[in-house]
Amino acid sequence: MFSSLFFRRLYLPYVLLICAVATLVGLVGALWLKQAFLEQRHQDLRNTVSLIGEVLREPLVSGDRAALQQHVREVGKMLDCRITLIAADERGTVLADNEADPATMEPHGYRHEIVQARTEGEGWDSRTSGTLHDSLLYHARRVEVPGFGPLFVRVAVHIRAVQAGLHTFYLGIALAAAAAIVGAMVISYYLARRQAVPLVEVTHFADAVANGQLHHRILRTGRGELGILARSLNRMADSFSRLLSDAEKDKAELRTILTSMSEGVIATDMQRHILLANEAAGRLLGFAADHAAGRLLWEVIRNEQIIKSLDEVAATAQRRQLQFGPLEGRYLEVTLCPLHHSSGRAGEAHSLKGFIVVMHDITEAFRYQELRKEFVANVSHELRTPLTVIKGFIETLRDGAIDDRERRDRYLATIERHADQLTNLVNDLLELSKLESQAALPGRTSLDLPQLARRVSESMQPAANRKNHTLTLNLPSVSPPVVGNADYIERAVANLLDNAIKYTPDGGHISLTVRFDPGQALIEVADSGLGIPAQDIPRIFERFYRVDRSRSREMGGTGLGLSIVKHLISAHGGQVEVQSQPAAGSTFRIRLPLGE
């Protein structure tokens, strides 16, 4: 059933129009019928007058007034009308009348219809009879009756008889109009319903689309303009559905991209309300990204430098870049960009609609920069010290010490020792550079770690003997395969053994142990030497870091040995650990993954 809205707008106008037209047609038809009926009555009266003249000729000629009166009554009864015979004299004496006594009737010579008939031959009038006191329609004619002479024959009919006939016509017209209206209402109802049902469906479709139900479709497309409209709306809904699907897909892709980015991204409107923020931004600035949307920027970012810089970007519409830190241990590079939009019209200026804040974590870059500065300073210092000593002893030899054999040999030995230190330093730097520049581990083979440990122990035994150290080798009976570079592993173990020998007082004890745990191989170098303070342990693998700089130089150390060990083992996917206490010795442990 269609709604009352469409009933009022489609059905009622049709019905009202049809009723108005039917009423108008009925009124016009009634007037026309009334006029036609009266014309017909007039014609009937004419014919009646002519007939009466012939019928009453004989009584008129005979002169018998009683017979004439009787004939008039009979004819009037037969014709159902009032018949009056009036003499043609000036007074208009009434000769006979079928509804009144002529003797009591006043002369009719001045009646309107008689006066008109006297001059024109016939006359008409409609009035209330003074004799009968009723409304009648009169028609009079001047008639020549042979043998009698001229007289006026007047015929009258009662108006109520005429009205009764008209009422019959009016009733017929009213019934016909009512039937037409009822039929038209039924047809209008059908037509209105036929038009309203598609319109209601279109309305429901529009409401569904407005509420986001883009799957809704118009099922009754039909023909004509409504059918064309319905099919167009269905195509529109298909297009909207595809566009919304693409938009959701793009939104999901954008959300995935933003989530996977290591850079923090925040988008705001002109009022600084956050439109979106990814997890990286929350992690870098310390807020919950999931609950940031809709909040003001200053509520989640407690950084005055960023807020003030946004004010400058809003004023100049130019991007800005700044760095600040440390912020919770991080150094950040922040790029502030204005977000523009345009209507797309050619030549129209872009207007500012918001801001984009992009954050990069440059902590590592900052740390590398500091390490680079420290590395350059350390290299310069490590190179400057032996070069200064060498240059000083050369100048001393030039000044005459070369002729003193004892001093010359001592000075040359010092120069040689510092030259060896420079050589070791340069070799270690080249080794580090080589390790860092390699993309993959070269020369990977299956290693026999016990055999490798035995070779290193044998090569370091002379150095241990010079300091009266006891070098113990502990090897397992079974050796699972380890995949790696034999030279790298041998160099790392040799460096650890060399440090143990250097930093263990004479007569100490040093052990080299190889053992296997589930999924990994362990190489341990333990000594009974000086040990390492707890505060220095986290930094001993840094380049040029020495626990005791003067003692390290005296022993020929470059400060790069442990850093090289860490790089060599890291290239194998392993780790280097240390356990140490001052005056209680140290234990360095290499962990390597087992080969498949």
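**Exercise 1. Find where Met-261 lies, and say whether Met-261 is buried, partly exposed or exposed.**

Solution. Start with the chain: Met-261 sits in the loop that joins helix H6 (224-260) to strand S6 (264-269). Helices here are DSSP runs of H or I with at least four residues, strands are runs of E with at least two, and both are numbered from the N terminus. Next, take the relative accessible area, which is 24% for Met-261, making this residue partly exposed. (Buried means under 20%, exposed over 50%, and partly exposed in between, with a 1.4 Å probe and protein chains only.)

A word on the model: it is predicted, so local features need pLDDT of at least 70 and side-chain atom pairs count only at pLDDT 80 or more, while totals for chains, interfaces and linings use all residues. Residues are numbered from 1 along each chain as its sequence is written, and side-chain values use heavy atoms, with hydrogens and water left out.

**Exercise 2. Which residues does Met-261 contact, leaving aside its neighbours within four places in sequence?**

Solution. Look for contact, meaning heavy atoms within 4.5 Å. With those neighbours set aside, Met-261 touches Asn-278 and Ala-280. Now check Ala-280: it is 19 residues from Met-261 along the chain, and their C-alpha atoms are 6.9 Å apart.

**Exercise 3. Work out the strand order of the open sheet of five strands, and name its edge strands.**

Solution. Read across the sheet: the order is S2-S1-S5-S4-S3, with antiparallel pairing. (Two strands pair if DSSP finds at least two bridges between them.) At the edges are strand S2 (94-97) and strand S3 (122-128), each pairing on one side only. Then look at S1 (residues 82-87), which pairs with S2 over three bridges in the antiparallel sense. Thr-84 has Asp-97 of S2 as its bridge partner. (Axes are lines fitted to C-alpha atoms, for helices over the stretch in contact, and angles run from 0 to 180 degrees between N-to-C directions.)

**Exercise 4. How do helices H13 and H15 pack?**

Solution. Two packed helices are described by the angle between their axes and the distance between the axes. For H13 (residues 486-502) and H15 (residues 561-570), the angle is about 150° and the axes are 9 Å apart. H13 is therefore roughly antiparallel to H15, a term for angles over 145 degrees. Among the residues making the contact are Ile-489 and Leu-496 of H13, and Val-565 and Leu-568 of H15.

Terms used: Angles under 35 degrees count as roughly parallel, over 145 as roughly antiparallel, 65 to 115 as roughly perpendicular and the rest as oblique.
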